[in-house]
Amino acid sequence: MAPGTKRFLTMLAFISPWIIGFLAFFVYPLLLSLYYSFTEYNLLQPPKWVGLQNYSNLTEDTHYQNAVGNTVYFVAFSVPLGVLTAFIIAFLLNQQLRLRVLLRMIFYIPIVVPISATAILWMWIFNSNWGLLNNLLALIGIQGPSWLGSPSWSKPSLIIMQLWLVGGSVLIFLAALQDVPRALYDAAMVDGANAIRRVWHVTIPMVTPAILFSLLTGMIAAFQTFANAWIMTDGGPIRSTEFYVLYLYDNGFRFFRMGYASAMAWILFGVVVVVTMILFRTSARWVYYGGEG
(Lines give C-alpha, C1' and ligand atoms only; values in the text may rest on other atoms or scores of the structure.)
Protein backbone atom coordinates (compact mmCIF):
# COMPACT_ATOMS: atom_id res chain seq x y z
CA MET A 1 0.00 0.00 0.00
CA ALA A 2 1.34 3.42 -0.99
CA PRO A 3 2.26 5.76 1.93
CA GLY A 4 -0.22 8.38 0.70
CA THR A 5 -3.08 5.88 0.59
CA LYS A 6 -2.20 4.62 4.05
CA ARG A 7 -2.22 8.13 5.48
CA PHE A 8 -5.56 8.82 3.81
CA LEU A 9 -7.13 5.65 5.24
CA THR A 10 -5.73 6.47 8.67
CA MET A 11 -7.24 9.92 8.45
CA LEU A 12 -10.61 8.41 7.46
CA ALA A 13 -10.44 6.02 10.40
CA PHE A 14 -9.89 8.87 12.85
CA ILE A 15 -12.72 11.03 11.49
CA SER A 16 -15.11 8.12 10.80
CA PRO A 17 -17.13 8.68 14.03
CA TRP A 18 -17.86 12.24 12.88
CA ILE A 19 -18.66 11.10 9.31
CA ILE A 20 -21.03 8.41 10.57
CA GLY A 21 -22.73 10.85 12.93
CA PHE A 22 -23.02 13.48 10.20
CA LEU A 23 -24.59 11.01 7.76
CA ALA A 24 -26.90 9.41 10.35
CA PHE A 25 -28.07 12.49 12.22
CA PHE A 26 -27.96 15.19 9.53
CA VAL A 27 -27.89 13.97 5.92
CA TYR A 28 -30.31 11.06 6.37
CA PRO A 29 -32.97 13.07 8.28
CA LEU A 30 -32.56 15.92 5.79
CA LEU A 31 -33.21 13.69 2.78
CA LEU A 32 -36.01 11.88 4.61
CA SER A 33 -37.79 15.16 5.36
CA LEU A 34 -37.50 16.08 1.68
CA TYR A 35 -39.20 12.79 0.79
CA TYR A 36 -41.88 13.30 3.44
CA SER A 37 -42.68 16.72 2.00
CA PHE A 38 -44.12 14.93 -1.04
CA THR A 39 -46.17 12.51 1.06
CA GLU A 40 -49.11 12.38 3.43
CA TYR A 41 -47.65 11.02 6.66
CA ASN A 42 -49.15 10.98 10.16
CA LEU A 43 -46.55 8.81 11.97
CA LEU A 44 -49.11 6.01 12.44
CA GLN A 45 -49.43 4.86 8.83
CA PRO A 46 -46.85 4.48 6.07
CA PRO A 47 -46.19 7.62 4.01
CA LYS A 48 -48.49 8.02 1.01
CA TRP A 49 -47.05 9.78 -2.02
CA VAL A 50 -49.08 12.88 -2.96
CA GLY A 51 -46.56 14.75 -5.08
CA LEU A 52 -46.77 18.54 -4.83
CA GLN A 53 -50.12 18.52 -3.02
CA ASN A 54 -48.61 19.70 0.30
CA TYR A 55 -46.96 22.64 -1.42
CA SER A 56 -50.12 23.60 -3.33
CA ASN A 57 -52.23 23.34 -0.17
CA LEU A 58 -49.96 25.88 1.52
CA THR A 59 -51.01 28.54 -0.98
CA GLU A 60 -54.64 28.14 0.14
CA ASP A 61 -53.96 27.88 3.88
CA THR A 62 -54.96 31.15 5.55
CA HIS A 63 -53.24 30.15 8.81
CA TYR A 64 -50.04 29.57 6.85
CA GLN A 65 -50.34 32.99 5.22
CA ASN A 66 -50.88 34.53 8.66
CA ALA A 67 -47.77 32.76 9.99
CA VAL A 68 -45.74 34.05 7.04
CA GLY A 69 -46.95 37.60 7.65
CA ASN A 70 -46.15 37.42 11.37
CA THR A 71 -42.68 36.07 10.65
CA VAL A 72 -41.89 38.69 7.99
CA TYR A 73 -43.00 41.42 10.43
CA PHE A 74 -40.80 39.99 13.16
CA VAL A 75 -37.76 39.63 10.89
CA ALA A 76 -38.19 43.08 9.33
CA PHE A 77 -38.22 44.86 12.68
CA SER A 78 -36.27 42.68 15.11
CA VAL A 79 -33.17 42.13 12.97
CA PRO A 80 -32.34 45.79 12.10
CA LEU A 81 -33.27 46.94 15.61
CA GLY A 82 -31.14 44.17 17.11
CA VAL A 83 -28.10 45.08 15.00
CA LEU A 84 -28.52 48.81 15.76
CA THR A 85 -28.97 48.19 19.50
CA ALA A 86 -25.96 45.87 19.65
CA PHE A 87 -23.78 48.40 17.81
CA ILE A 88 -24.80 51.29 20.08
CA ILE A 89 -24.20 49.26 23.24
CA ALA A 90 -20.84 48.02 21.96
CA PHE A 91 -19.83 51.54 20.97
CA LEU A 92 -20.63 52.83 24.46
CA LEU A 93 -18.88 49.91 26.15
CA ASN A 94 -15.82 50.57 24.02
CA GLN A 95 -15.36 53.96 25.66
CA GLN A 96 -13.25 54.55 28.75
CA LEU A 97 -16.01 53.92 31.28
CA ARG A 98 -15.78 53.01 34.92
CA LEU A 99 -16.80 49.40 35.64
CA ARG A 100 -16.54 48.72 31.92
CA VAL A 101 -15.75 45.02 32.41
CA LEU A 102 -18.73 44.60 34.76
CA LEU A 103 -21.06 46.30 32.29
CA ARG A 104 -19.88 44.03 29.48
CA MET A 105 -20.59 41.00 31.63
CA ILE A 106 -24.07 42.31 32.51
CA PHE A 107 -25.00 42.74 28.85
CA TYR A 108 -23.73 39.25 27.99
CA ILE A 109 -25.44 37.36 30.85
CA PRO A 110 -28.89 37.12 29.12
CA ILE A 111 -27.30 35.00 26.39
CA VAL A 112 -26.39 32.21 28.81
CA VAL A 113 -29.77 32.21 30.59
CA PRO A 114 -32.09 29.42 29.32
CA ILE A 115 -34.78 30.76 27.00
CA SER A 116 -37.51 29.26 29.20
CA ALA A 117 -36.32 31.28 32.20
CA THR A 118 -36.00 34.40 30.04
CA ALA A 119 -39.54 33.96 28.72
CA ILE A 120 -40.99 33.57 32.23
CA LEU A 121 -39.11 36.68 33.37
CA TRP A 122 -40.49 38.75 30.49
CA MET A 123 -44.01 37.40 31.05
CA TRP A 124 -43.78 39.00 34.49
CA ILE A 125 -42.34 42.23 33.07
CA PHE A 126 -45.14 42.45 30.47
CA ASN A 127 -47.97 41.54 32.82
CA SER A 128 -50.67 44.17 32.27
CA ASN A 129 -51.84 44.27 35.90
CA TRP A 130 -48.74 44.08 38.09
CA GLY A 131 -45.88 43.86 35.62
CA LEU A 132 -42.72 45.90 36.07
CA LEU A 133 -43.06 47.75 32.77
CA ASN A 134 -46.60 49.00 33.33
CA ASN A 135 -45.77 49.96 36.92
CA LEU A 136 -42.87 52.09 35.66
CA LEU A 137 -45.13 53.70 33.05
CA ALA A 138 -47.72 54.41 35.73
CA LEU A 139 -45.13 56.43 37.67
CA ILE A 140 -45.04 58.96 34.82
CA GLY A 141 -48.80 58.93 34.28
CA ILE A 142 -48.97 56.52 31.34
CA GLN A 143 -51.39 53.61 31.35
CA GLY A 144 -49.53 50.69 29.84
CA PRO A 145 -51.21 48.42 27.30
CA SER A 146 -51.94 44.72 27.63
CA TRP A 147 -48.60 43.77 26.12
CA LEU A 148 -49.01 40.06 25.50
CA GLY A 149 -52.80 40.11 25.56
CA SER A 150 -53.28 42.56 22.69
CA PRO A 151 -52.92 41.58 19.02
CA SER A 152 -51.50 45.05 18.36
CA TRP A 153 -48.79 44.83 21.03
CA SER A 154 -47.94 41.12 21.13
CA LYS A 155 -45.37 41.14 18.32
CA PRO A 156 -43.74 44.43 19.44
CA SER A 157 -43.49 42.91 22.92
CA LEU A 158 -41.57 39.91 21.61
CA ILE A 159 -39.33 42.23 19.59
CA ILE A 160 -38.56 44.25 22.73
CA MET A 161 -37.70 41.02 24.52
CA GLN A 162 -35.44 40.02 21.62
CA LEU A 163 -33.45 43.23 22.06
CA TRP A 164 -32.52 42.01 25.53
CA LEU A 165 -30.67 39.10 23.92
CA VAL A 166 -28.17 41.02 21.78
CA GLY A 167 -25.21 40.23 24.03
CA GLY A 168 -23.61 37.93 21.45
CA SER A 169 -23.71 40.62 18.77
CA VAL A 170 -22.40 43.17 21.29
CA LEU A 171 -19.36 40.96 21.83
CA ILE A 172 -18.75 40.72 18.07
CA PHE A 173 -19.08 44.47 17.61
CA LEU A 174 -16.73 45.11 20.53
CA ALA A 175 -14.07 42.97 18.87
CA ALA A 176 -14.60 44.79 15.56
CA LEU A 177 -14.45 48.24 17.21
CA GLN A 178 -11.22 47.44 19.00
CA ASP A 179 -9.71 46.40 15.67
CA VAL A 180 -10.28 49.82 14.06
CA PRO A 181 -6.84 51.46 13.61
CA ARG A 182 -6.36 54.50 15.81
CA ALA A 183 -4.48 56.17 12.96
CA LEU A 184 -7.73 56.50 10.99
CA TYR A 185 -9.34 58.49 13.80
CA ASP A 186 -6.26 60.69 14.07
CA ALA A 187 -6.29 61.36 10.34
CA ALA A 188 -10.00 62.22 10.46
CA MET A 189 -9.43 64.64 13.33
CA VAL A 190 -6.62 66.33 11.40
CA ASP A 191 -9.05 66.75 8.48
CA GLY A 192 -11.50 68.48 10.83
CA ALA A 193 -14.05 65.68 11.23
CA ASN A 194 -16.16 65.95 14.37
CA ALA A 195 -17.23 62.99 16.50
CA ILE A 196 -20.33 62.19 14.43
CA ARG A 197 -18.42 62.29 11.15
CA ARG A 198 -15.69 60.06 12.60
CA VAL A 199 -18.30 57.49 13.55
CA TRP A 200 -20.04 57.70 10.17
CA HIS A 201 -16.96 57.75 7.94
CA VAL A 202 -14.49 55.67 9.98
CA THR A 203 -16.14 53.50 12.61
CA ILE A 204 -19.14 52.21 10.67
CA PRO A 205 -17.25 51.35 7.43
CA MET A 206 -14.59 49.48 9.42
CA VAL A 207 -17.15 47.33 11.27
CA THR A 208 -19.31 46.51 8.23
CA PRO A 209 -18.08 42.87 8.22
CA ALA A 210 -19.44 42.53 11.77
CA ILE A 211 -22.68 44.21 10.66
CA LEU A 212 -23.03 41.70 7.82
CA PHE A 213 -22.39 38.78 10.16
CA SER A 214 -24.93 40.08 12.69
CA LEU A 215 -27.51 40.62 9.96
CA LEU A 216 -27.06 37.09 8.62
CA THR A 217 -27.14 35.31 11.96
CA GLY A 218 -29.95 37.53 13.25
CA MET A 219 -32.01 36.95 10.12
CA ILE A 220 -31.59 33.18 10.27
CA ALA A 221 -32.50 33.13 13.98
CA ALA A 222 -35.50 35.43 13.48
CA PHE A 223 -36.95 33.25 10.73
CA GLN A 224 -36.74 30.32 13.15
CA THR A 225 -38.10 32.08 16.24
CA PHE A 226 -40.13 29.63 18.27
CA ALA A 227 -39.44 29.15 21.98
CA ASN A 228 -40.31 32.64 23.19
CA ALA A 229 -43.64 32.77 21.32
CA TRP A 230 -44.49 29.18 22.27
CA ILE A 231 -43.90 29.76 25.98
CA MET A 232 -45.23 33.29 26.32
CA THR A 233 -48.25 33.37 23.99
CA ASP A 234 -48.59 29.97 22.28
CA GLY A 235 -49.33 31.86 19.08
CA GLY A 236 -51.99 34.15 20.55
CA PRO A 237 -53.78 36.35 20.98
CA ILE A 238 -55.86 35.67 17.86
CA ARG A 239 -52.84 34.04 16.17
CA SER A 240 -50.96 37.35 16.22
CA THR A 241 -47.71 35.63 17.33
CA GLU A 242 -48.15 32.39 15.44
CA PHE A 243 -44.80 32.48 13.70
CA TYR A 244 -43.71 30.19 10.90
CA VAL A 245 -41.86 27.61 12.98
CA LEU A 246 -44.60 27.62 15.62
CA TYR A 247 -47.19 26.76 12.97
CA LEU A 248 -44.78 24.18 11.54
CA TYR A 249 -44.47 22.62 15.00
CA ASP A 250 -48.26 22.54 15.41
CA ASN A 251 -48.69 20.74 12.10
CA GLY A 252 -45.98 18.22 12.82
CA PHE A 253 -46.40 17.45 16.51
CA ARG A 254 -49.96 18.49 17.36
CA PHE A 255 -51.85 17.58 14.20
CA PHE A 256 -49.34 14.88 13.08
CA ARG A 257 -49.25 16.20 9.53
CA MET A 258 -45.58 15.39 9.05
CA GLY A 259 -45.68 15.69 5.28
CA TYR A 260 -47.24 19.14 5.46
CA ALA A 261 -44.76 20.24 8.13
CA SER A 262 -41.84 18.93 6.04
CA ALA A 263 -43.03 20.96 3.05
CA MET A 264 -43.13 24.05 5.27
CA ALA A 265 -39.61 23.33 6.51
CA TRP A 266 -38.21 23.10 2.99
CA ILE A 267 -39.89 26.32 1.92
CA LEU A 268 -38.36 28.04 4.95
CA PHE A 269 -34.98 26.57 4.04
CA GLY A 270 -35.31 27.93 0.51
CA VAL A 271 -36.31 31.40 1.73
CA VAL A 272 -33.36 31.57 4.14
CA VAL A 273 -30.95 30.48 1.39
CA VAL A 274 -32.31 33.08 -1.03
CA VAL A 275 -32.19 35.93 1.50
CA THR A 276 -28.66 34.88 2.52
CA MET A 277 -27.54 34.91 -1.12
CA ILE A 278 -29.08 38.36 -1.64
CA LEU A 279 -27.26 39.70 1.42
CA PHE A 280 -23.96 38.26 0.21
CA ARG A 281 -24.47 39.57 -3.33
CA THR A 282 -25.27 43.08 -2.15
CA SER A 283 -22.58 43.11 0.55
CA ALA A 284 -19.89 43.91 -2.03
CA ARG A 285 -21.40 47.41 -2.29
CA TRP A 286 -21.21 48.30 1.38
CA VAL A 287 -18.95 45.88 3.27
CA TYR A 288 -15.32 46.92 3.57
CA TYR A 289 -12.61 44.43 4.45
CA GLY A 290 -9.40 45.99 5.73
CA GLY A 291 -6.60 45.83 3.20
CA GLU A 292 -8.84 45.65 0.14
CA GLY A 293 -8.52 48.17 -2.63
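Student: At what N to O distance do the side chains of arginine 239 and glutamate 242 meet in a salt bridge?

Tutor: Side chains of opposite charge can pair when their charged atoms come close. A salt bridge is counted when a side-chain nitrogen of Lys or Arg lies within 4 Å of a carboxyl oxygen of Asp or Glu. For arginine 239 and glutamate 242, the N to O distance is 2.6 Å.

Student: From which number are residues counted along each chain?

Tutor: This is a predicted model: local features need pLDDT of at least 70, side-chain atom pairs count only at pLDDT 80 or more, and totals for chains, interfaces and linings use all residues. Side-chain values use heavy atoms, with hydrogens and water left out, and residues along each chain, as its sequence is written, are numbered from 1.

Student: Is glutamate 242 buried or exposed?

Tutor: Buried means under 20% relative accessible area, exposed means over 50%, and partly exposed lies in between (1.4 Å probe, protein chains only). Glutamate 242 has a relative accessibility of 5%, so it counts as buried.

Student: How many salt bridges are there by this rule?

Tutor: One of them joins aspartate 186 and arginine 182 at 3.4 Å, N to O. Another joins aspartate 250 and arginine 254 at 3.3 Å. By this rule the count comes to 4.

Student: Which helix holds both aspartate 186 and arginine 182?

Tutor: Helices are DSSP runs (H or I, at least four residues), numbered from the N terminus. Aspartate 186 is partly exposed at 36%, and arginine 182 is exposed at 53%. The two are 4 residues apart, so about one helical turn separates them, within residues 182–190 of helix α9.

Student: Lysine 155 is buried, so which side chain of opposite charge is nearest to it?

Tutor: Lysine 155 sits in helix α7 (residues 154–163). Lys and Arg count as positive and Asp and Glu as negative, while His and the chain ends are not counted. Lysine 155 has no salt bridge, and the nearest side chain of opposite charge is 10 Å away, that of glutamate 242.

Student: Which residue has a backbone oxygen that the side chain of lysine 155 reaches?

Tutor: Contact means heavy atoms within 4.5 Å. Beyond neighbours within four places in sequence, lysine 155 is in contact with several residues, among them Asn70, Tyr73 and Phe243. At 3.0 Å, its side chain reaches the backbone oxygen of serine 240.

Student: Which helix gives the most to the nonpolar patch?

Tutor: Such a patch joins nonpolar side chains (Val, Leu, Ile, Met, Phe, Trp, Tyr) within 5 Å, from residues with over 30% relative accessible area and no salt bridge; like charges are joined within 9 Å. This patch covers about 820 Å² and includes Leu99, Met105, Val112 and Leu171, with areas from the Shrake-Rupley method and a 1.4 Å probe, only the protein chains shown counting as cover for residues. Valine 112 is exposed at 58%. With 7 residues, the most comes from residues 100–112, helix α4.

Student: What is the phi of leucine 99?

Tutor: Most residues other than glycine have a negative phi, and most peptide bonds are trans. Leucine 99 lies in the loop between α3 (62–93) and α4, and is exposed at 61%. Although leucine 99 is not a glycine, its phi is positive, about 60°.

Student: Which residue is joined to proline 237 by a cis peptide bond?

Tutor: Proline 237 is in the loop between α12 (227–232) and α13. The omega of its cis bond is about -10°, and the residue joined to it is glycine 236.

Student: How far apart in space are alanine 222 and phenylalanine 256, C-alpha to C-alpha?

Tutor: Alanine 222 is in helix α11 (residues 208–223), and is buried at 5%. Phenylalanine 256 is in the loop between α13 and α14 (258–283), and is partly exposed at 40%. They are 34 residues apart in sequence, and their distance in space is 25 Å.

Key:
Polar contact = N/O pair within 3.5 Å; in protein donor to acceptor, adjacent residues only side chain to side chain.
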